[in-house]
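Hi everyone, thanks for making the time this morning. I have one model to walk you through, so let me put it up on the screen.

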Amino acid sequence: DVEMTEYSDETIELIDELVADGNDYDVLENFIEEHGESYFQSYIEEYLQAIDEHGEDAIAAFLDIFNIEDIGNFTDAYQGKYTDGAEFAESIVSECYSMEMPSWVEVDWQATWDNALSYDYSESDGHIFNNNF
């Protein structure tokens with residue numbers, strides 16, 4: 001059992017349950033330190049599920065842009081990991097428009113990202129998120 005007096009009984013009970021389920025105590029405590037106890041009670045399970053499904057790096061990148069209250073929208077927002085916005089721009093155009101361009105045509109994918117896509121998408125550490133969830 002976790003013995004802490006600075007947390008509410010509800011939080012201690014939830015920590016005990018999550019640790020018993022195999023979650024790392026340090027991850028739980030870091031969440032509380034970063035987001036607060038009330039957010040812990042409300043969002044820790046969605047947060048842990050998102051980490052299990054997508055990894056800590058993707059979740060950290062999401063939280064660089066959005067708030068913990070948005071964690072339930074992670075799956076809808078997440079577009080994947082790319083080297084940068086330009087690579088994402090090329091990928092989305094290729095997927096959506098399936099254009100066959102001659103090899104001699106040069107497209108400025110960075111400008112496409114900067115001038116169009118970056119209004120609807122955000123990037124953090126190579127992870128791309130749709131802002132419209």
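Let's begin where two helices touch: from α3 we have Tyr47, Ala50, Ile51 and His54, and they meet Glu56, Ala58, Ile59 and Leu63 of α4. Sorted by type, the residues of this contact are 6 nonpolar, 1 polar and 1 charged. Please keep in mind throughout that this is a predicted model.

How are these two helices arranged, that is, at what angle do they pack? Helix α3 covers residues 37–54 and helix α4 covers residues 56–65, and the angle between them is about 125°. Their axes lie 7 Å apart. Since angles over 145 would count as roughly antiparallel and 65 to 115 as roughly perpendicular, α3 is therefore oblique to α4.

Now follow α4 over to the sheet. This helix lies across β1, β2 and β3, and it runs at about 50° to β3.

And what is the strand order in that sheet? It is β1-β3-β2, an open sheet of 3 strands with antiparallel pairing. That puts β1, residues 78–81, and β2, residues 121–124, at the edges, each pairing on one side only. On average, neighbouring strands here are turned by 20° against each other, ignoring direction. As a quick reminder, strands of a sheet pair through backbone hydrogen bonds, in either a parallel or an antiparallel way.

If you zoom in on β1 and β3, the latter being residues 127–130, you will find 3 bridges joining these antiparallel strands. One to look for on the screen is Lys81, whose bridge partner in β3 is His127.

Let's zoom back out to the whole chain. How many helices and strands does the protein have? There are 7 helices and 3 strands, and along the sequence they come in the pattern α-α-α-α-α-β-α-α-β-β.

Then there is the overall shape. The C-alpha trace spans about 65 × 25 × 20 Å along its principal axes. For 133 residues, a compact globule would have a radius of gyration near 14 Å, whereas this protein has 19 Å.

Two last figures for the fold as a whole. Of the 133 residues, 38% are buried. Among contacts with a separation of 6 or more, 53% are between residues 24 or more positions apart.

Key: Residues are numbered from 1 along each chain as its sequence is written. This is a predicted model: local features need pLDDT of at least 70, side-chain atom pairs count only at pLDDT 80 or more; totals for chains, interfaces and linings use all residues. Side-chain values use heavy atoms; hydrogens and water are left out. Axes are lines fitted to C-alpha atoms, for helices over the stretch in contact, and angles run from 0 to 180 degrees between N-to-C directions. Helices (H or I, at least four residues) and strands (E, at least two) are DSSP runs, numbered from the N terminus. Angles under 35 degrees count as roughly parallel, over 145 as roughly antiparallel, 65 to 115 as roughly perpendicular and the rest as oblique. Contact means heavy atoms within 4.5 Å. Ala, Val, Leu, Ile, Met, Phe, Trp, Tyr, Cys and Pro count as nonpolar, Asp, Glu, Lys and Arg as charged, and the others, Gly among them, as polar. Two strands pair if DSSP finds at least two bridges between them. The radius of gyration is taken over C-alpha atoms; the globule rule is 2.2 Å times the number of residues to the power 0.38. Buried means under 20% relative accessible area, exposed over 50%, partly exposed in between (1.4 Å probe, protein chains only).
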